[in-house]
Amino acid sequence: MNVYIETYGCQMNVSDSGIVGKILTDNGFTLINRIEEANVILINTCSIRDNAEKKVKNRITELNALKRKNKIVIGILGCMAERLKEDLIENYGVDIVCGVDSYRKITDLIMDVNNPNYKKVVNDYFSSSQIHSIETYDDITPIQMDSNGVTAFVSIMRGCENFCSYCVVPYTRGKERSRNRNNIIKECEYLFENGYREITLLGQNVNSYNYNDTDFADLISKVAAINPLLRVRFATSHPKDISDKLILTIASYKNICKAIHLPVQSGSNAVLKRMNRKYTREQYMEKINKIKTSIPNCGLSTDIIVGFCGETQTDFEDTLCIMREVKYDYAFMFAYSERSDTFASKKYIDDISPLEKNERLTKVINLQRELSLTSNKNDIGKEFEVLIEGVSKRSPDKLFGRNTQNKVIIFDNKGLNKGEYVKIKVTDCTSATLIGEVTV
Ligand code: SAH
Ligand code: SF4
Ligand code: F3S
């Protein structure tokens with residue numbers, strides 16, 4: 001049977017699709033890249049904002065049209081499977097629903113799809129059992145989905161228990177669990193031996209990794225020690241948990257990339273408190289300053305939510321102000337989207353109008369564009385070591401890669417190959433990309 005997997009949402013989902021892919025191929029299924037040839041279409045979904053769910057619902061409607069022509073099975077995986085459960089079968093006509101901790105059941109679900117006596121939904125099934133708090137798919141080496149063969153994702157933990165008041169993740173992904181350290185190292189070694197040169201260690205809050213007294217700083221140094229030619233990155237850090245030990249570890253290994261994604265969400269203490277982020281603006285800035293002094297030229301990026309419940313004009317300006325103060329190289333910016341069942345949806349009123357949210361969003365996007373441009377212009381004339389990831393999509397005669405700060409650099413293809421390191425001098429830039437030339 002041919003299975004096509006389509007992935008939405010965060011990097012954890014990309015990594016999870018690889019777990020599902022591995023389980024399926026080990027059981028005789030074939031993964032394919034052309035949806036037209038599929039017997040089974042699995043959609044790995046995201047619930048983080050309303051528009052993420054809407055996109056998938058529209059996609060299901062499109063696929064249902066395809067289903068009327070061909071006999072195909074449509075399955076929903078991921079966070080929407082956890083949140084919407086039977087609703088997806090009853091109201092959206094999908095055939096199976098499989099939650100994030102139930103992927104070991106995926107082959108049975110597909111095989112039994114035509115048997116009326118079998119369940120079509122397995123997530124509520126598992127959440128009542130132990131699985132939800134222990135499953136880490138530890139013994140499974142995921143397929144690197146849609147990979148360029150150079151950069152890979154490795155999940156080191158699952159779930160999240162931070163309960164930021166706006167966020168669905170603790171409800172869709174369950175309790176926080178750390179994966180066995182030895183299996184993580186084995187997987188990273190395997191990837192290096194197979195030509196991968198950059199690994200991103202993944203978790204919703206990697207700083208709270210803990211496995212038999214191995215903390216995240218210990219783990220990342222072990223991964224970095226595999227080979228100096230293997231770059232290591234990680235995502236995401238919660239500002240409340242980023243430790244001095246981790247900052248010093250990043251500083252002391254050349255191959256741990258000098259880029260930290262530290263989502264601030266808001267620059268206002270009142271909003272941060274309502275968001276239940278557990279840090280103040282001052283504490284956040286302390287961490288940033290520590291990073292800036294301990295890791296010179298560290299890339300800094302963030303996530304920002306505008307228009308959260310009760311965000312006044314002054315609160316919003318505090319966000320613009322902290323962005324200027326940190327001078328982020330990059331940011332992911334969102335308008336607040338109320339999610340049912342979260343603390344915020346129960347306790348606070350979603351009182352900023354969609355129009356106002358959009359205006360604020362436009363303002364942060366414009367400010368970030370300026371900050372990114374300034375940061376990139378600062379790099380003109382500098383030389384960076386770049387790991388080549390492949391041919392540039394926009395200009396086929398050019399290659400692209402990233403420097404340790406995670407900035408994309410485009411340069412002329414002089415017969416080099418992906419997976420190689422090359423020294424590039426930056427000659428020009430846009431707000432999104434550096435442009436350079438090979439120096440060695
Ligand atoms: N675990 C990561 C974030 C995962 S979600 C962390 O805590 O950093 C990615 C981003 O989506 C969040 O950082 C936040 O900026 C945004 N987000 C989460 N819930 C949201 C909501 N209800 N509305 C708008 N943006 C949201
Ligand atoms: Fe959501 Fe907060 Fe957990 Fe991130 S840390 S996944 S924002 S609850
Ligand atoms: Fe989305 Fe779930 Fe990731 S809600 S952001 S796919 S953890």
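Good morning, colleagues. About 50 Å³ of space lies in the largest cavity of this structure, which is a predicted model. By the rule applied, the count comes to one cavity of 30 Å³ or more. The lining of the largest cavity is made up of Ser15, Ile19, Thr136, Tyr137, Ile140, Pro142, Ser155, Arg158 and Arg179. Sorted by class, four of these residues are nonpolar, three are polar and two are charged.

To place the remaining sites, I turn to the division of the chain. Domain 1 covers 2-123, domain 2 covers 134-257, domain 3 covers 259-375 and domain 4 covers 383-438.

Let me take the ligands next. Around ligand 3 we find Cys10, Asn13, Thr45, Cys46, Ser47, Ile48, Cys79, Val169, Arg173 and Gln204. This shell has five nonpolar, four polar and one charged residues.

The shell around ligand 2 consists of Cys160, Asn162, Phe163, Cys164, Tyr166, Cys167, Val169, Pro170, Gln204, His238 and Arg277. Seven of its residues are nonpolar, three are polar and one is charged. I would draw your attention to Val169 and Gln204, which are listed around ligand 3 and also around ligand 2.

I come now to the second largest pocket, whose volume is about 450 Å³. Its lining is formed by 21 residues, and those nearest the centre of the pocket are Cys298, Lys327, Asp329, Ser375 and Asn378. The classes are represented by seven nonpolar, seven polar and seven charged residues. Which elements supply at least two residues each to this lining? They are strand E15 (299-306), helix H14 (313-326) and helix H16 (354-378). The largest share, four residues, comes from H16. As for its position, domain 3 and domain 4 both contribute to the lining, so the second largest pocket lies between them.

Finally, I consider how domain 2 and domain 4 meet. Their C-alpha centres lie 26 Å apart. In this pairing, 12 residues of domain 2 are in contact with 13 residues of domain 4. The size of an interface is often given as the accessible area lost when the parts come together. For domain 2 and domain 4, the area buried between them is about 950 Å², with 44% of it on carbon and sulfur atoms.

Thank you for your attention.

Note on methods
Residues are numbered from 1 along each chain as its sequence is written. Chains are lettered from A and ligands numbered from 1 in the order in which they are written. This is a predicted model: local features need pLDDT of at least 70, side-chain atom pairs count only at pLDDT 80 or more; totals for chains, interfaces and linings use all residues. Side-chain values use heavy atoms; hydrogens and water are left out. On a 1 Å grid over the protein atoms alone, a cavity is a set of points where a 1.4 Å probe fits but cannot get out, and a pocket is an open set with protein on both sides within 12 Å along at least five of seven lines; lining residues have an atom within 4 Å of a point. Grid points are joined across faces, edges and corners, and a volume is the space filled by probe spheres set on the points. Ala, Val, Leu, Ile, Met, Phe, Trp, Tyr, Cys and Pro count as nonpolar, Asp, Glu, Lys and Arg as charged, and the others, Gly among them, as polar. Domain bounds come from an automatic or database domain assignment. A residue is near a molecule or strand if one of its heavy atoms lies within 4 Å of it. Contact means heavy atoms within 4.5 Å. Buried area is the accessible area (1.4 Å probe) that two parts lose on being put together, summed over both.
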